[in-house]
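Here are my notes after a pass through the model you sent over.

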Amino acid sequence: MHDGALSTDPSDEPEGPDRDQRWADLADLVLIISREIQFRRYTDERAVHLSQSEGMVMRYLKSDPAATPSRIAAATGLQRTNLSTVLRGLEHKGFIERHAHSGDGRGVTVHSTERGRRNSILVRQEWSATVSAAAGQDTRHLDAALTLLAAVEAGLTKDRPRTPAAPPAKGA
């Protein structure tokens with residue numbers, strides 16, 4: 001159904017290179033849109049730009065407000081050493097706090113601060129304005145797009161390899 005109509009039955013689509021090409025086009029567009037959003041600076045001077053990794057951690061903390069670093073690493077796909085660096089950066093910005101949670105003081109949970117929560121709200125407002133303006137405020141297919149992208153995100157997250165992909169071999 002490439003004519004703009006939305007189908008709810010995957011069997012309506014013929015197999016083949018055209019469908020494969022359209023999935024590749026979707027992946028391409030998602031990457032381009034993500035990068036375009038990252039390029040833009042915020043109009044609200046109170047909004048603080050975060051790296052992709054910092055943003056992933058802050059989004060995760062919305063669903064798990066007292067998360068252990070190991071849960072954050074598993075949910076975001078970040079390696080623990082990289083996560084430690086990200087957490088230090090977020091702590092330095094005043095967006096998170098770490099609290100000891102075990103009797104011996106070794107276990108910690110990570111919590112968003114009020115500043116971190118406010119920034120997340122501001123950033124989402126900026127994204128909303130940017131993306132809706134880019135789409136000409138057209139919401140006709142917004143729910144279908146959200147449903148599809150949520151399914152793709154869930155499938156990718158569920159099937160995420162335990163270790164990051166190896167870089168391509170030289171000469172490949």
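Is arginine 71 buried, partly exposed or exposed?

1. Arginine 71 comes out as partly exposed, its relative accessible area being 36%. Keep in mind that this is a predicted model. The side chain of arginine 71 pairs with that of aspartate 64 in a salt bridge, at 2.8 Å from N to O. Aspartate 64 is buried, because its relative accessible area is 14% and the cut-off for buried is under 20%.

2. There's a related pair at aspartate 44 and arginine 46, a salt bridge whose closest N and O atoms lie 2.6 Å apart. Here aspartate 44 counts as buried, at 16% relative accessibility, whereas arginine 46 counts as exposed at 56%.

3. Now for a pair with another setting: lysine 158 and aspartate 159 form a salt bridge through their side chains, at 3.4 Å from N to O. Both of these residues are exposed. In total, a search of the whole structure turns up eight salt bridges, so expect further ones beyond the pairs I've picked out, given that a salt bridge needs a side-chain nitrogen of Lys or Arg within 4 Å of a carboxyl oxygen of Asp or Glu.

4. On the overall layout, the protein chain has six helices and two strands. Reading from the N terminus, the order is α-α-α-α-β-β-α-α. The chain has 172 residues, and 22% of them count as buried. Among contacts with a separation of 6 or more, 50% come from residues 24 or more positions apart.

5. How do the helices pack? Two packed helices are described by the angle between their axes and the distance between the axes. For helix H2 (residues 52–63) and helix H4 (residues 80–92), the angle is about 80° and the axes are 10 Å apart. That puts H2 roughly perpendicular to H4. On the H2 side the contact uses Ser53, Glu54, Val57 and Met58, and on the H4 side Leu83, Val86, Leu87, Gly89 and Leu90. Sorted by class, this H2 and H4 contact has six nonpolar, two polar and one charged residues.

6. Helix H3 (69–76) also packs on H4: their axes come within 10 Å and cross at roughly 110°. H3 and H4 are therefore roughly perpendicular to each other as well. From H3, the residues involved are Pro69, Ser70, Ile72 and Ala73, and they meet Arg80, Leu83 and Leu87 of H4. By class, the H3 and H4 contact has five nonpolar, one polar and one charged residues.

7. Which residues have the most contacts inside the largest nonpolar core? They are Val57, Met58, Leu61, Ile72, Leu83, Leu90 and Ile96, in a core of 16 residues. H2, H3 and H4 each supply at least two residues of this core.

8. One backbone detail to look at is glutamine 137, where phi is near 60°, a positive value in a residue other than glycine. Glutamine 137 sits in the loop between helix H5 (114–134) and helix H6 (142–158). Glutamine 137 is exposed, with a relative accessible area of 53%.

Conventions. Residues numbered from 1 in each chain as written. Predicted model: local features only at pLDDT ≥ 70, side-chain atom pairs only at ≥ 80, totals over all residues. Heavy atoms only, no water. Buried < 20%, exposed > 50% of the residue type's maximum accessible area, 1.4 Å probe, protein only. Axes fitted to C-alpha atoms, helices over the stretch in contact; angles between N-to-C directions. Helix = DSSP H or I, 4+ residues; strand = E, 2+ residues; numbered from the N terminus. Parallel < 35°, antiparallel > 145°, perpendicular 65-115°, else oblique. Contact = heavy atoms within 4.5 Å. Nonpolar A, V, L, I, M, F, W, Y, C, P; charged D, E, K, R; others polar. Core = buried A, V, L, I, M, F, W, Y, C linked by side-chain atoms within 4.5 Å.
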